[in-house]
Number of protein chains: 2
Amino acid sequence: MSANTADASRPIAVFDSGIGGLTVVSALRRELPDEDIVYLGDTARVPYGGKSQATIERYSEEIASLLVAEGAKMVVVACNTASALALARLREVLTVPVEGVIEPGVEAALGATRSGHVAVIGTKATIGSAAYAGALQAARPGIRVTSMACPLLVPLVEEGLFDDAVTDAVLERYLAPIRAKDVDALVLGCTHYPLLSRAIARVAGPKITLVDSAANCARVVARHLDESGLRADSGKAGSLDISFTDTPDHFLDVVRGALGLEKGTVRVRQVPTLGQ
Amino acid sequence: MSANTADASRPIAVFDSGIGGLTVVSALRRELPDEDIVYLGDTARVPYGGKSQATIERYSEEIASLLVAEGAKMVVVACNTASALALARLREVLTVPVEGVIEPGVEAALGATRSGHVAVIGTKATIGSAAYAGALQAARPGIRVTSMACPLLVPLVEEGLFDDAVTDAVLERYLAPIRAKDVDALVLGCTHYPLLSRAIARVAGPKITLVDSAANCARVVARHLDESGLRADSGKAGSLDISFTDTPDHFLDVVRGALGLEKGTVRVRQVPTLGQ
């Protein structure tokens with residue numbers, strides 16, 4: 001058995017600040033049904049979107065290091081905020097490949113726009129980092145990018161207000177400046193937002209295509225596993241192991257139902273902290 | 001110098017899940033101008049309101065133990081969620097007196113109601129704990145209590161939407177069931193809510209008196225210090241030392257301005273975690 005074969009049987013680790021990253025798990029299950037997946041959502045410290053880069057880097061490193069120590073062959077950062085602010089740090093300190101959701105989202109946005117004007121919505125931290133705008137401009141110089149922090153959307157999603165007058169009123173406010181331009185592709189730059197895609201599409205109007213990085217992230221992960229010989233080929237369905245840093249509430253069932261993920265045991269575990 | 005005199009010169013520690021607890025600090029400054037106050041806001045893990053009792057107890061114990069080890073003569077839990085879920089635990093493990101905001105809020109509500117029907121609004125964790133309802137009924141058997149979790153109010157406050165159509169629409173939804181009853185006192189059971197008091201009063205209508213526990217908490221703390229001989233009598237203005245577990249954003253300036261708190265140095269520090 002070569003080293004690569006041994007490596008290939010190890011799980012893919014996916015982490016997120018909370019529950020939203022299960023949208024990426026769902027896409028990975030479809031794209032890579034043979035892979036074992038370990039998911040850890042940091043619900044004890046959620047949300048990351050209003051916190052500083054130093055804190056987001058520390059939390060991301062704590063979680064990813066733990067998952068690698070437990071045998072992950074690759075780390076997928078399902079959280080846009082952590083992808084925007086901690087990916088460089090993770091690639092520096094981890095011994096396995098790390099994939100985030102920003103680069104796949106950028107690729108998908110470039111495939112979707114005709115006008116050359118892309119909008120990005122996300123948390124304060126993600127938008128403040130300019131990670132999407134920078135990556136879009138690096139990939140296609142001259143592209144126009146309109147970015148908008150939408151801090152109220154995560155709480156609205158967590159309240160399950162997917163189709164609601166309050167959510168529509170908040171979206172109207174966030175999306176009006178985007179609708180007023182010639183934007184034709186809108187990146188949903190937060191794992192919570194796909195759960196609002198119907199409302200976002202309604203308020204954004206028919207000229208704007210929504211770009212969700214989850215599906216593209218799964219394709220990028222598959223490509224990476226193939227290129228590095230790390231793809232599992234067991235021929236049997238991969239396992240899914242979900243845990244959180246705090247006891248999950250009913251929102252987990254809402255999300256799991258919406259995504260069609262199997263119901264398994266969900267564990268609660270603590271993450272050792274760094275730097276004390 | 002007696003032990004009590006030495007004790008009395010030590011600071012009062014105030015902690016909160018974030019910035020909102022500065023409303024309690026502001027009330028303490030007015031009530032107890034000679035006291036040194038040390039404030040620690042856990043912005044790296046904010047909010048507490050949607051988290052489990054085990055996590056809220058752990059965070060509260062970590063922070064309060066640190067402040068006591070650093071010399072606090074008393075701990076004031078400015079956070080309603082931590083007061084509701086962790087006060088018993090803190091009183092068990094700490095060697096100094098601990099005061100929360102629930103009992104002072106209950107006292108104030110009982111003073112305000114004529115109809116004998118009190119409403120309480122707060123986070124999911126606070127309302128789920130039934131701490132207010134239990135304490136109200138223990139203090140005055142037969143009192144009627146209507147409780148309502150209002151999870152969207154904290155994010156709206158943190159966005160600074162104090163007087164805004166979206167906030168009013170959300171408040172309409174939360175307060176309609178309260179307005180439909182003979183409630184005449186409404187406990188603002190979260191330190192963020194006093195910043196919305198104008199909007200809440202507008203939506204609640206003129207028959208309902210708003211009860212804010214901050215001022216009453218300061219009076220209870222003063223009474224406690226007097227009774228135990230722990231009151232500072234330096235004759236000079238007490239110091240105020242503010243720190244957070246994450247870098248503060250512009251919201252700190254908004255709150256400090258609204259409360260008329262002096263601008264001093266604000267530190268960022270980590271809290272050692274327990275139980276790993």
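In the predicted model, helix α5 (residues 102-112) of chain B and helix α7 (residues 131-139) of chain B have axes that come within 10 Å and cross at roughly 55°. Helices (H or I, at least four residues) and strands (E, at least two) are DSSP runs, numbered from the N terminus; axes are lines fitted to C-alpha atoms, for helices over the stretch in contact, with angles from 0 to 180 degrees between N-to-C directions. The angle makes α5(B) oblique to α7(B), a term for angles that are not under 35 degrees (roughly parallel), over 145 (roughly antiparallel) or 65 to 115 (roughly perpendicular). B:I102, B:E103, B:G105, B:V106, B:A109 and B:L110 of α5(B) meet B:A131, B:Y132, B:A135, B:L136 and B:A139 of α7(B), contact requiring C-beta atoms, placed from the backbone, within 7 Å.

Chain A contains an open sheet of six strands in the order β4-β3-β1-β2-β9-β10, with parallel pairing; two strands pair if DSSP finds at least two bridges between them. β4 (98-99) and β10 (266-268) of chain A stand at the edges, each with a single partner strand, so one side of each lacks a neighbour in the sheet. Within the sheet, β2 (residues 37-41) and β9 (residues 240-244) of chain A are joined in the parallel sense over five bridges, and A:I37 has A:L240 as its bridge partner in β9(A).

Between the chains, the contact takes 19 residues from chain B and 19 residues from chain A. On the chain B side, helix α9 (residues 165-179) supplies the largest share, three residues.

Residues are numbered from 1 along each chain as its sequence is written, and chains are lettered from A in the order in which they are written. For this predicted model, local features need pLDDT of at least 70 and side-chain atom pairs pLDDT 80 or more, whereas totals for chains, interfaces and linings use all residues.

Key:
Two residues are in contact if their C-beta atoms, placed from the backbone, lie within 7 Å.
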